[in-house]
Amino acid sequence: MNTTPIHRAPDSSTARQALALAGVFQAASLVDELARTGQVEPRAWETLIRATLDTDPESFEAIYGGHPNNLRRGLETLEGVVGRRQANPAVLRYGFTLLLLMNRLRGDDAMMTALGQHLNRIQGQAERFGATHENVIASLGEAYQETLSTLKTRIVVQGDPSMLQSRMMPERVRAILLAGIRFALLWHQQGGRRWKLVFQRGALKKALDQLG
(Lines give C-alpha, C1' and ligand atoms only; values in the text may rest on other atoms or scores of the structure.)
Protein backbone atom coordinates (compact mmCIF):
# COMPACT_ATOMS: atom_id res chain seq x y z
CA MET A 1 0.00 0.00 0.00
CA ASN A 2 1.20 3.49 -0.86
CA THR A 3 1.54 5.38 2.41
CA THR A 4 2.13 8.75 0.74
CA PRO A 5 -1.01 10.90 1.06
CA ILE A 6 -2.65 11.41 -2.33
CA HIS A 7 -5.90 12.91 -1.06
CA ARG A 8 -5.52 15.66 1.48
CA ALA A 9 -7.86 15.18 4.43
CA PRO A 10 -10.63 17.78 4.79
CA ASP A 11 -9.97 20.70 7.13
CA SER A 12 -13.43 20.24 8.64
CA SER A 13 -13.24 18.67 12.11
CA THR A 14 -16.52 16.86 11.45
CA ALA A 15 -15.15 15.31 8.25
CA ARG A 16 -12.03 14.16 10.08
CA GLN A 17 -14.18 12.71 12.83
CA ALA A 18 -16.16 10.88 10.15
CA LEU A 19 -12.99 9.36 8.67
CA ALA A 20 -11.73 8.29 12.08
CA LEU A 21 -15.11 6.85 13.01
CA ALA A 22 -15.14 5.00 9.69
CA GLY A 23 -11.96 3.28 10.85
CA VAL A 24 -13.76 2.15 14.01
CA PHE A 25 -16.67 0.70 12.06
CA GLN A 26 -14.40 -0.82 9.44
CA ALA A 27 -12.76 -2.74 12.27
CA ALA A 28 -16.18 -3.74 13.61
CA SER A 29 -17.26 -4.93 10.16
CA LEU A 30 -14.07 -6.93 9.58
CA VAL A 31 -14.31 -8.60 12.98
CA ASP A 32 -17.83 -9.74 12.11
CA GLU A 33 -16.73 -10.97 8.67
CA LEU A 34 -13.73 -12.83 10.11
CA ALA A 35 -15.90 -14.49 12.74
CA ARG A 36 -18.46 -15.66 10.20
CA THR A 37 -16.36 -16.48 7.11
CA GLY A 38 -12.70 -16.44 8.09
CA GLN A 39 -11.98 -14.05 5.22
CA VAL A 40 -11.58 -10.28 4.88
CA GLU A 41 -11.04 -7.83 2.05
CA PRO A 42 -7.23 -7.37 1.89
CA ARG A 43 -7.20 -3.60 1.35
CA ALA A 44 -9.51 -2.95 4.30
CA TRP A 45 -7.47 -5.32 6.49
CA GLU A 46 -4.07 -3.89 5.57
CA THR A 47 -5.25 -0.31 6.07
CA LEU A 48 -6.24 -1.08 9.67
CA ILE A 49 -3.08 -3.01 10.53
CA ARG A 50 -0.77 -0.33 9.11
CA ALA A 51 -2.70 2.40 10.93
CA THR A 52 -2.24 0.55 14.23
CA LEU A 53 1.51 0.30 13.71
CA ASP A 54 1.91 3.95 12.68
CA THR A 55 1.91 5.67 16.05
CA ASP A 56 3.66 8.79 14.75
CA PRO A 57 2.10 9.53 11.33
CA GLU A 58 3.42 12.35 9.17
CA SER A 59 -0.13 13.62 8.59
CA PHE A 60 -3.74 12.79 9.39
CA GLU A 61 -4.35 11.20 5.99
CA ALA A 62 -1.18 9.11 6.23
CA ILE A 63 -2.85 7.11 9.00
CA TYR A 64 -5.25 5.45 6.56
CA GLY A 65 -2.92 5.29 3.59
CA GLY A 66 -3.71 8.61 1.95
CA HIS A 67 -7.06 7.86 0.31
CA PRO A 68 -10.54 7.62 1.87
CA ASN A 69 -11.28 4.58 -0.29
CA ASN A 70 -9.00 2.65 2.05
CA LEU A 71 -11.78 3.19 4.60
CA ARG A 72 -14.61 2.51 2.14
CA ARG A 73 -16.00 -0.42 4.12
CA GLY A 74 -16.13 1.70 7.26
CA LEU A 75 -17.58 4.73 5.50
CA GLU A 76 -20.39 2.62 4.05
CA THR A 77 -21.09 1.04 7.43
CA LEU A 78 -21.12 4.44 9.11
CA GLU A 79 -23.47 5.83 6.47
CA GLY A 80 -25.91 3.10 7.45
CA VAL A 81 -25.58 3.97 11.14
CA VAL A 82 -26.06 7.70 10.59
CA GLY A 83 -28.88 7.19 8.10
CA ARG A 84 -30.61 4.82 10.52
CA ARG A 85 -30.81 2.16 7.85
CA GLN A 86 -31.03 -1.53 8.67
CA ALA A 87 -27.61 -2.45 10.01
CA ASN A 88 -25.92 -5.61 11.22
CA PRO A 89 -26.54 -5.57 15.00
CA ALA A 90 -23.24 -7.35 15.71
CA VAL A 91 -21.27 -4.71 13.80
CA LEU A 92 -23.08 -1.93 15.64
CA ARG A 93 -22.38 -3.60 18.99
CA TYR A 94 -18.69 -4.06 18.20
CA GLY A 95 -18.35 -0.47 16.97
CA PHE A 96 -19.99 1.23 19.93
CA THR A 97 -18.23 -1.05 22.41
CA LEU A 98 -14.90 -0.07 20.84
CA LEU A 99 -15.74 3.58 21.59
CA LEU A 100 -16.58 2.64 25.18
CA LEU A 101 -13.33 0.68 25.56
CA MET A 102 -11.38 3.62 24.18
CA ASN A 103 -12.78 5.85 26.92
CA ARG A 104 -11.83 3.26 29.54
CA LEU A 105 -8.32 3.11 28.09
CA ARG A 106 -7.94 6.90 28.13
CA GLY A 107 -8.64 6.86 31.85
CA ASP A 108 -5.95 4.28 32.58
CA ASP A 109 -2.49 5.83 32.26
CA ALA A 110 -0.69 2.59 33.12
CA MET A 111 -2.53 0.69 30.42
CA MET A 112 -1.85 3.43 27.87
CA THR A 113 1.85 3.25 28.69
CA ALA A 114 1.89 -0.55 28.48
CA LEU A 115 0.11 -0.49 25.14
CA GLY A 116 2.58 2.06 23.80
CA GLN A 117 5.47 -0.16 24.88
CA HIS A 118 3.90 -3.14 23.13
CA LEU A 119 3.51 -1.16 19.92
CA ASN A 120 7.10 0.09 20.02
CA ARG A 121 8.32 -3.51 20.11
CA ILE A 122 5.90 -4.63 17.40
CA GLN A 123 7.05 -1.85 15.07
CA GLY A 124 10.48 -3.48 15.10
CA GLN A 125 8.90 -6.79 14.14
CA ALA A 126 6.97 -5.14 11.33
CA GLU A 127 10.14 -3.59 9.93
CA ARG A 128 11.74 -7.02 9.88
CA PHE A 129 8.88 -9.22 8.67
CA GLY A 130 6.33 -6.86 7.11
CA ALA A 131 3.22 -5.24 8.59
CA THR A 132 0.83 -8.12 7.95
CA HIS A 133 3.18 -11.02 8.75
CA GLU A 134 1.57 -13.49 11.13
CA ASN A 135 4.24 -12.83 13.77
CA VAL A 136 3.21 -9.17 13.78
CA ILE A 137 -0.49 -10.04 13.86
CA ALA A 138 0.13 -12.44 16.75
CA SER A 139 1.96 -9.71 18.67
CA LEU A 140 -0.82 -7.19 18.04
CA GLY A 141 -3.34 -9.73 19.28
CA GLU A 142 -1.23 -10.33 22.37
CA ALA A 143 -1.01 -6.58 23.02
CA TYR A 144 -4.80 -6.35 22.96
CA GLN A 145 -5.19 -9.42 25.16
CA GLU A 146 -2.76 -8.16 27.80
CA THR A 147 -4.29 -4.68 27.99
CA LEU A 148 -7.83 -4.04 26.77
CA SER A 149 -9.00 -7.62 27.36
CA THR A 150 -8.39 -7.13 31.09
CA LEU A 151 -11.03 -4.39 31.36
CA LYS A 152 -14.46 -5.22 32.76
CA THR A 153 -16.06 -4.09 29.52
CA ARG A 154 -15.24 -6.69 26.88
CA ILE A 155 -16.21 -7.46 23.32
CA VAL A 156 -17.67 -10.92 22.95
CA VAL A 157 -17.27 -11.91 19.31
CA GLN A 158 -19.97 -14.14 17.86
CA GLY A 159 -19.66 -16.22 14.72
CA ASP A 160 -18.91 -19.70 13.44
CA PRO A 161 -17.37 -21.57 16.42
CA SER A 162 -15.13 -23.70 14.20
CA MET A 163 -13.94 -20.55 12.42
CA LEU A 164 -13.25 -18.71 15.65
CA GLN A 165 -11.12 -21.59 16.90
CA SER A 166 -9.11 -21.98 13.70
CA ARG A 167 -5.39 -21.25 13.56
CA MET A 168 -4.49 -17.54 14.01
CA MET A 169 -8.14 -16.49 14.12
CA PRO A 170 -8.17 -15.25 17.74
CA GLU A 171 -5.00 -13.25 17.04
CA ARG A 172 -6.44 -11.77 13.83
CA VAL A 173 -9.67 -10.76 15.58
CA ARG A 174 -7.80 -9.12 18.47
CA ALA A 175 -5.46 -7.32 16.07
CA ILE A 176 -8.45 -5.80 14.29
CA LEU A 177 -10.09 -4.84 17.58
CA LEU A 178 -6.87 -3.05 18.50
CA ALA A 179 -7.06 -1.22 15.18
CA GLY A 180 -10.59 -0.17 16.09
CA ILE A 181 -9.25 1.28 19.34
CA ARG A 182 -6.56 3.15 17.41
CA PHE A 183 -9.21 4.82 15.24
CA ALA A 184 -11.45 5.45 18.25
CA LEU A 185 -8.59 7.35 19.89
CA LEU A 186 -8.09 9.28 16.66
CA TRP A 187 -11.80 10.12 16.61
CA HIS A 188 -11.59 11.46 20.16
CA GLN A 189 -8.45 13.46 19.32
CA GLN A 190 -10.37 15.11 16.48
CA GLY A 191 -13.14 16.17 18.85
CA GLY A 192 -15.42 13.16 18.47
CA ARG A 193 -17.79 12.44 21.36
CA ARG A 194 -20.59 9.90 21.73
CA TRP A 195 -23.21 12.61 22.29
CA LYS A 196 -22.34 14.10 18.90
CA LEU A 197 -23.45 10.88 17.24
CA VAL A 198 -26.94 11.71 18.47
CA PHE A 199 -27.12 15.49 18.39
CA GLN A 200 -24.92 16.20 15.37
CA ARG A 201 -26.09 13.36 13.16
CA GLY A 202 -26.99 15.77 10.35
CA ALA A 203 -23.53 17.33 10.24
CA LEU A 204 -21.92 13.89 10.24
CA LYS A 205 -24.18 12.72 7.42
CA LYS A 206 -23.28 15.80 5.36
CA ALA A 207 -19.58 15.11 5.91
CA LEU A 208 -20.03 11.50 4.81
CA ASP A 209 -21.87 12.62 1.67
CA GLN A 210 -18.96 14.89 0.78
CA LEU A 211 -16.43 12.11 1.39
CA GLY A 212 -18.43 9.70 -0.74
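## Salt bridges

In this predicted model, the side chains of D32 and R36 meet in a salt bridge at 2.9 Å from N to O, a salt bridge being a side-chain nitrogen of Lys or Arg within 4 Å of a carboxyl oxygen of Asp or Glu. Both residues lie in helix α1 (residues 13-37), four residues apart, about one turn of the helix, where helices (H or I, at least four residues) are DSSP runs numbered from the N terminus. D32 is buried, with a relative accessible area of 5%, whereas R36 counts as partly exposed at 46%; buried means under 20% relative accessible area, exposed over 50%, and partly exposed in between, with a 1.4 Å probe and protein chains only.

A search of the whole structure finds six salt bridges, among them a pairing of R167 with E134 at 2.7 Å, N to O. R167 lies in the loop between α7 (161-164) and α8, and E134 in helix α6 (residues 134-146), so the pair ties together parts that are 33 residues apart in sequence. R167 is exposed, with a relative accessible area of 63%, while E134 is partly exposed at 35%. Another of the six salt bridges joins the side chains of R8 and D11 at 3.1 Å, N to O; R8 counts as exposed at 63% relative accessibility, and D11 counts as exposed at 60%.

## Packing of α2 and α8

Helix α2 (residues 42-53) and helix α8 (residues 169-189) pack at an angle of about 65 degrees, with their axes 9 Å apart; the axes are lines fitted to C-alpha atoms over the stretch in contact, and angles run from 0 to 180 degrees between N-to-C directions. On the α2 side, W45, L48, I49, A51 and T52 meet R172, A175, I176, L178, A179, R182 and F183 of α8, contact meaning heavy atoms within 4.5 Å.

## A nonpolar surface patch

W195, V198 and F199 form a nonpolar patch on the surface, with about 380 Å² of accessible area together. Such patches are made of residues with over 30% relative accessible area and no salt bridge, nonpolar side chains (Val, Leu, Ile, Met, Phe, Trp, Tyr) being joined within 5 Å and like charges within 9 Å, and accessible areas come from the Shrake-Rupley method with a 1.4 Å probe, only the protein chains shown counting as cover for residues. F199 is found in helix α9 (residues 194-199) and counts as exposed at 67% relative accessibility.

## Basis of the values

Residues are numbered from 1 along each chain as its sequence is written, and side-chain values use heavy atoms, with hydrogens and water left out. As this is a predicted model, local features need pLDDT of at least 70 and side-chain atom pairs count only at pLDDT 80 or more, whereas totals for chains, interfaces and linings use all residues.

Key
Helices (H or I, at least four residues) and strands (E, at least two) are DSSP runs, numbered from the N terminus.
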